[in-house]
Amino acid sequence: MEIIGYSERGMLNSLFYEIAYSQNDLQLLNEFLKSIYFPYKAINFQISEAKLLIEQSFSDFGDADAVLLLNNQGNNQIAFIEAKVKTSQRKRWNISEEFGEFTKGIAENNINSSNLFVQLYHKVSLIKALQDGDIKQVQNGVQFPKGSAKKNRKIGENKVVLKAVNLLVPYCSDALFIAIVPDNNSSIKAFYQDTLKDYKPSGFQYWNIMNWGFISWEDVESFCKKHGLSRTIENFCFNKGQIYDENQGNS
């Protein structure tokens with residue numbers, strides 16, 4: 001039976017299921033994590049155990065495209081993954097323009113919750129609140145900046161969401177925040193070093209980018225080809241033009 005998935009959701013499902021059901025699942029996961037670029041912090045991955053949540057809702061803190069609960073060298077570690085794609089209707093997607101929309105939303109007090117940087121900040125805030133006050137803190141609510149659609153964000157009462165949050169608690173002392181984006185490496189690296197590094201938005205009390213990292217979709221596809229992940233490669237072929245611009249080039 002052949003299964004084809006659409007856009008970023010389909011790609012992430014294919015990638016992680018193919019890794020999980022391979023004979024060398026942890027080795028592949030380690031290799032994938034090592035291919036992620038962390039500009040501000042050296043991270044050594046030696047994963048011995050892993051649990052993955054895909055498209056998990058965290059109520060007012062948004063859905064997470066993927067959450068990895070890891071045992072890394074005997075220590076618990078969590079990795080949130082937010083993915084963006086260049087849709088076939090869009091001429092291009094680059095990280096600087098996405099950031100420009102983020103800063104414009106702050107200036108105009110109209111912050112778009114679907115923006116990559118907003119989504120990452122939501123997860124940073126969730127983790128910081130869990131670190132400071134455990135699950136009661138996110139049940140009582142966390143204050144968000146002016147211009148947010150909701151000024152006081154809570155985890156709610158959904159039992160499955162609460163179950164997921166309880167899973168996070170033992171891992172939240174060491175959290176990573178990863179973006180998968182359809183830009184090229186040279187543009188992304190320059191952005192992280194020249195623009196994002198010293199940026200501190202007013203009103204974002206939990207803003208901290210030291211544990212942020214990224215990988216381009218082109219590098220994800222290269223990883224799949226290198227390790228023979230044929231089903232995910234098929235999904236890249238099916239979604240050609242919907243994930244990233246192959247003419248944009250990586251360097």
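A cavity is a set of grid points where a 1.4 Å probe fits but cannot get out. With that in mind, welcome to this structure, which is a predicted model. How many cavities of 30 Å³ or more does the count come to? The count comes to two, and the largest cavity holds about 50 Å³ of space.

The residues that line this largest cavity are Ile111, Ser113, Val118, Tyr121, His122, Phe144, Pro145, Ser148, Arg153 and Phe204. By type, six of the lining residues are nonpolar, three are polar and one is charged. Helix α4, which spans residues 116-140, gives the largest share of the lining, with three residues.

Which residues does Leu196 contact, leaving aside its neighbours within four places in sequence? Its partners are Tyr40, Phe99, Phe117, Phe191, Trp207, Ile209 and Trp212.

Helix α7 runs over residues 217-226, and its buried residues are Trp217, Val220, Glu221, Phe223 and Cys224. Why do these buried residues line one face of the helix? Seen down the axis of α7, they fall within an arc of 155 degrees, so they line one face. On the other side of α7, Lys225 and Lys226 are exposed.

What covers the buried residues of α7? The cover includes the helices α1 (7-20), α2 (25-34) and α8 (230-238), along with the strands β3 (75-83), β6 (175-181) and β7 (212-216). Just after α7 comes Gly228, which takes a positive phi of about 65 degrees.

## A closer look at Thr103

Finally, here is a single residue to look up for yourself. Thr103 sits in helix α3. Its relative accessible area is 27%, so Thr103 counts as partly exposed, a label for values between the 20% and 50% cut-offs. Along the chain, Thr103 and Tyr244 are 141 residues apart, and their C-alpha atoms are separated by 24 Å.

Conventions. Residues are numbered from 1 along each chain as its sequence is written. This is a predicted model: local features need pLDDT of at least 70, side-chain atom pairs count only at pLDDT 80 or more; totals for chains, interfaces and linings use all residues. Side-chain values use heavy atoms; hydrogens and water are left out. Buried means under 20% relative accessible area, exposed over 50%, partly exposed in between (1.4 Å probe, protein chains only). Helices (H or I, at least four residues) and strands (E, at least two) are DSSP runs, numbered from the N terminus. The arc is that of the directions from the helix axis to the C-beta atoms. Contact means heavy atoms within 4.5 Å. On a 1 Å grid over the protein atoms alone, a cavity is a set of points where a 1.4 Å probe fits but cannot get out, and a pocket is an open set with protein on both sides within 12 Å along at least five of seven lines; lining residues have an atom within 4 Å of a point. Grid points are joined across faces, edges and corners, and a volume is the space filled by probe spheres set on the points. Ala, Val, Leu, Ile, Met, Phe, Trp, Tyr, Cys and Pro count as nonpolar, Asp, Glu, Lys and Arg as charged, and the others, Gly among them, as polar.
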